[in-house]
Amino acid sequence: MKIFILISFAIAFYLFRVNVMAAPILKIGEDAPTFTLPDSQGNQVSLNDYKGKWAVLYFYPKDDTPGCTKEACQFRDDFKTLEALGAKVIGISIDDSFSHQKFAEKYNLPFPLLSDASGEVADRYGALNNFLVIKLAKRYTYLINSQGKIAKIYLSVDTSKHSQEIIEDLKKLKE
């Protein structure tokens with residue numbers, strides 16, 4: 001039994017390290033990888049739809065979990081301020097459109113939640129945890145400027161003040 005536990009731990013540690021090391025490193029100033037994904041209503045939404053506007057592209061692990069709910073509600077509460085700064089908020093997770101619909105309705109989220117069921121988009125942004133049969137998006141955010149270039153990358157997010165951090169950064173970047 002001890003050998004099984006040790007082997008399981010070693011495999012889990014290896015998979016964690018592979019996921020961390022395999023993530024593509026996007027850089028500030030690069031073109032943001034384009035995508036088209038379904039929203040909570042099943043409509044196709046493309047990053048190209050946001051050309052000419054700033055986009056707050058945030059990846060999150062799971063609908064209706066404590067950290068993800070706190071982050072989404074902070075974006076909801078700061079939505080008008082972000083819009084006044086010319087930024088559109090877009091949430092992406094591996095959850096399906098139906099899950100997104102329930103989550104958005106429950107918390108009155110005024111921005112699109114996109115379903116990346118295959119994890120392909122999260123992977124292109126380096127925001128995918130892939131543990132063989134379990135895939136989850138990492139809590140990463142990309143601030144994308146009106147030309148479609150990555151302006152800021154957030155790889156460590158405090159869900160209780162992340163939207164305020166983005167508001168402050170937007171103000172600085174738009175000066």
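**A tour of the salt bridges**

Start by selecting Asp64, which counts as partly exposed at 37% relative accessibility (buried means under 20% relative accessible area, exposed over 50%, partly exposed in between, with a 1.4 Å probe and protein chains only). You are looking at a predicted model, where local features need pLDDT of at least 70, side-chain atom pairs count only at pLDDT 80 or more, and totals for chains, interfaces and linings use all residues. Residues are numbered from 1 along each chain as its sequence is written, and side-chain values use heavy atoms, leaving out hydrogens and water.

Asp64 sits in the loop between β3 (54–59) and α2 (66–77) and Lys106 in helix α4 (residues 97–107), so the pair ties together parts 42 residues apart in sequence. Lys106 is exposed, at 51% relative accessible area.

Next, select Lys149 and Asp31, whose side chains meet in a salt bridge (2.7 Å, N to O). Lys149 is in the loop between β8 (141–144) and β9 (150–154), and Asp31 in the loop between α1 (2–22) and β1 (36–38), so this pair links parts 118 residues apart in sequence. Helices (H or I, at least four residues) and strands (E, at least two) are DSSP runs, numbered from the N terminus.

For a last stop, pick Arg76 and Asp77, a salt bridge with its closest N and O atoms 2.9 Å apart. Arg76 is partly exposed at 26%, while Asp77 is exposed at 51%.

Zoom out: the structure holds nine salt bridges, and the chain has six helices and nine strands.

How values were computed. Salt bridge = Lys/Arg side-chain N within 4 Å of Asp/Glu carboxyl O.
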